[in-house]
Amino acid sequence: MRSVGVREFRDKATSMMGSGETLVIERHGEPIGFFVPVTAKDRKAGRKVLGRLGAGVDAVLRTADVTEDELVEEITRRRRKR
């Protein structure tokens, strides 16, 4: 997974999306979104996987009793330490 700035993503979105690589899109070093490619022949399966990912994140939020913002902050803090 590669991190890219929002401007770089905007300027090179077509080629980046064509590479098939998962991207973390950042603004001022903070994650603001993700691009997760789904191949055209496998869109239905891709949506299913993303649905399971969303359900997993929801379960983590409930189990850990944290907000989405707190989870993002924790992930961001850990990424900065690397």
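Let me start with Asp65, which is exposed because its relative accessible area is 71%, and the cut-off for exposed is over 50%. Bear in mind throughout that this is a predicted model.

Where does Asp65 sit? Asp65 lies in the loop between α2, residues 43-64, and α3. Its backbone is worth a look as well: phi of Asp65 is near 55°, a positive value in a residue that is not glycine. For context, most residues other than glycine have a negative phi.

Now the charges. Which residues form the negative surface patch? Asp65 is one of them, and the others are Asp58, Glu68, Asp69 and Glu70. Helix α3, spanning residues 68-81, supplies the largest share of that patch, with three residues.

Take Glu70 from that group. Glu70 is located in helix α3. Is Glu70 exposed or partly exposed? Its relative accessibility is 43%, so Glu70 counts as partly exposed; that class runs between the 20% and 50% limits.

Last item, back to phi. His28 is another residue other than glycine with a positive phi, again near 55°. His28 belongs to the loop between β2, residues 23-27, and β3, residues 30-35. With a relative accessibility of 79%, His28 counts as exposed.

To recap: Asp65 has a positive phi and is part of the negative patch, while His28 has a positive phi in the loop between β2 and β3. That is what I have; I will take questions now.

Methods. Residues are numbered from 1 along each chain as its sequence is written. This is a predicted model: local features need pLDDT of at least 70, side-chain atom pairs count only at pLDDT 80 or more; totals for chains, interfaces and linings use all residues. Side-chain values use heavy atoms; hydrogens and water are left out. Patches are made of residues with over 30% relative accessible area and no salt bridge: like charges are joined within 9 Å, nonpolar side chains (Val, Leu, Ile, Met, Phe, Trp, Tyr) within 5 Å. Accessible areas come from the Shrake-Rupley method with a 1.4 Å probe; for residues, only the protein chains shown count as cover. A salt bridge is a side-chain nitrogen of Lys or Arg within 4 Å of a carboxyl oxygen of Asp or Glu. Lys and Arg count as positive and Asp and Glu as negative; His and the chain ends are not counted. The place of a charge is taken as NZ of Lys, CZ of Arg, CG of Asp or CD of Glu. Helices (H or I, at least four residues) and strands (E, at least two) are DSSP runs, numbered from the N terminus. Buried means under 20% relative accessible area, exposed over 50%, partly exposed in between (1.4 Å probe, protein chains only).
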